[in-house]
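This report concerns the disulfides and the aromatic ring pairs of the entry shown below.

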Amino acid sequence: MLMLLMFCMGAINLEAQVGSLAPDEVEALLEVATQLGKKGWNRNMKLCNDTILPPKPDADNKVVCNCSFPGGVCRVIAIYLKRQDLDGTLPKAIEKLPHLKHLDLWANYLSGNIPPEWANTKLEFLCVGVNRLTGKIPSYLGRITTLSYLSIQNNMFSGTVPPELGGLVNLENLTLSANYLTGELPPALTNLTGLKELRLSSNNFTGRIPDFIQSWKQLDRLEIQAGGFTGPIPSSISLLTNLTDLKISNLLGDGSEFPNLESIAGIQDLRLSNCNLSGNFPIYLTRMAQLKVL
């Protein structure tokens with residue numbers, strides 16, 4: 001009986017370890033919390049509260065873990081801390097979570113800039129939008145080549161877009177809107193041939209919308225509203241035949257005739273406000289069956 005009891009207790013103890021977060025990642029998460037200004041996390045609580053990626057859209061305060069590693073040990077693969085009133089800085093300790101794929105810190109009060117340590121991660125989804133981040137967009141972001149989604153919108157980033165972002169060859173969504181970005185877009189961005197969504201609105205860019213937008217043939221959504229660019233709208237926009245949403249506004253400089261969009265048959269939302277357009281209204285728009293907003 002005693003041997004049986006000891007065996008059962010050992011089995012219970014083993015089960016408690018299986019499915020637990022690796023100790024080094026517990027410490028890393030607590031360090032992340034300290035740097036973010038996140039309250040309430042401690043070693044005695046279950047820090048992993050989901051094992052599904054991606055979680056539901058309302059996942060505002062969640063750590064997602066993968067517990068299929070050898071021995072049943074769990075590893076952090078996603079952190080969602082949206083609308084948590086965090087007032088710290090972007091955590092350098094993210095580097096200590098080697099399996100982290102998703103990081104969403106949208107709508108907080110985080111300050112500073114993106115730490116250089118993040119260049120060593122394998123992030124696929126990175127959102128730090130709607131915070132108080134400042135400085136230039138760091139060039140080392142271009143080293144996170146696993147990124148497919150990058151959003152830094154609604155911050156206070158300034159300076160030019162670093163050409164190193166052209167190294168993010170797996171990028172599908174890039175959102176730089178509502179910052180203080182200046183200068184022209186670097187030609188290196190032509191390498192982002194997999195882009196499906198690009199948002200550049202509410203910045204202080206200069207020069208024309210570059211003709212190399214024709215390289216982004218997978219684009220589904222393009223938003224350049226009050227971005228600071230000068231007209232005219234490049235004729236090469238007609239090559240973006242996968243567009244469903246096209247929003248361009250407040251172009252500076254001389255105007256132009258309405259761009260030829262006849263080849264973009266699936267467009268649903270077309271907004272070309274304050275672009276100094278002239279000439280005849282394109283009759284082909286009346287035949288675009290998918291168009292909902294004009």
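## Disulfides and aromatic pairs

The S-S torsion of Cys67 and Cys74 is about 100°, so this disulfide is right-handed. The model under discussion is a predicted one. The sulfur atoms of Cys67 and Cys74 lie 1.9 Å apart. Cys67 is partly exposed, its relative accessible area being 31%, whereas Cys74 is buried at 1% relative accessibility.

In total, the structure contains two disulfides. Another disulfide connects Cys48 with Cys65, with an S to S distance of 1.8 Å. The torsion about the S-S bond of Cys48 and Cys65 is -70°, and the link is left-handed. Cys48 is located in the loop between helix 2 (23-36) and strand 1 (61-66), while Cys65 belongs to strand 1, so the pair ties together parts that are 17 residues apart in sequence. Cys48 is buried with a relative accessible area of 9%, and Cys65 is buried as well, at 1%. With bonded cysteines counted along the chain, the disulfides follow the pattern 1-2, 3-4.

Cys127 is buried at 5% relative accessibility, and Cys275 is buried at 4%.

The aromatic side chains form the next topic. A pair of aromatic rings is described by the distance of the centres and the angle of the planes. The structure has three aromatic pairs, including the stacked pair of Phe125 and Tyr149. The table sets out two of the pairs.

| Pair | Centre to centre | Angle between planes | Class |
|---|---|---|---|
| Phe125 and Tyr149 | 4.2 Å | 10° | stacked |
| Phe205 and Phe229 | 5.2 Å | 20° | stacked |

Phe125 is part of strand 5 (residues 125-127) and Tyr149 is part of strand 7 (residues 149-151), so their pairing ties together parts that are 24 residues apart in sequence. Phe125 has a relative accessible area of 18% and is therefore buried, the limit being under 20%. Tyr149, at 22% relative accessibility, counts as partly exposed.

For the rings of Phe205 and Phe229, the planes stand at 20°, so the pair is stacked. Phe205 lies in strand 12 (residues 204-205) and Phe229 in the loop between strand 13 (221-225) and strand 14 (245-249), so this pair ties together parts that are 24 residues apart in sequence. Both Phe205 and Phe229 are buried.

Conventions. Residues numbered from 1 in each chain as written. Predicted model: local features only at pLDDT ≥ 70, side-chain atom pairs only at ≥ 80, totals over all residues. Heavy atoms only, no water. Phe/Tyr/Trp six-rings, centres within 6.5 Å; stacked < 30°, edge-to-face > 60°. Helix = DSSP H or I, 4+ residues; strand = E, 2+ residues; numbered from the N terminus. Buried < 20%, exposed > 50% of the residue type's maximum accessible area, 1.4 Å probe, protein only. Disulfide = S-S within 2.5 Å.
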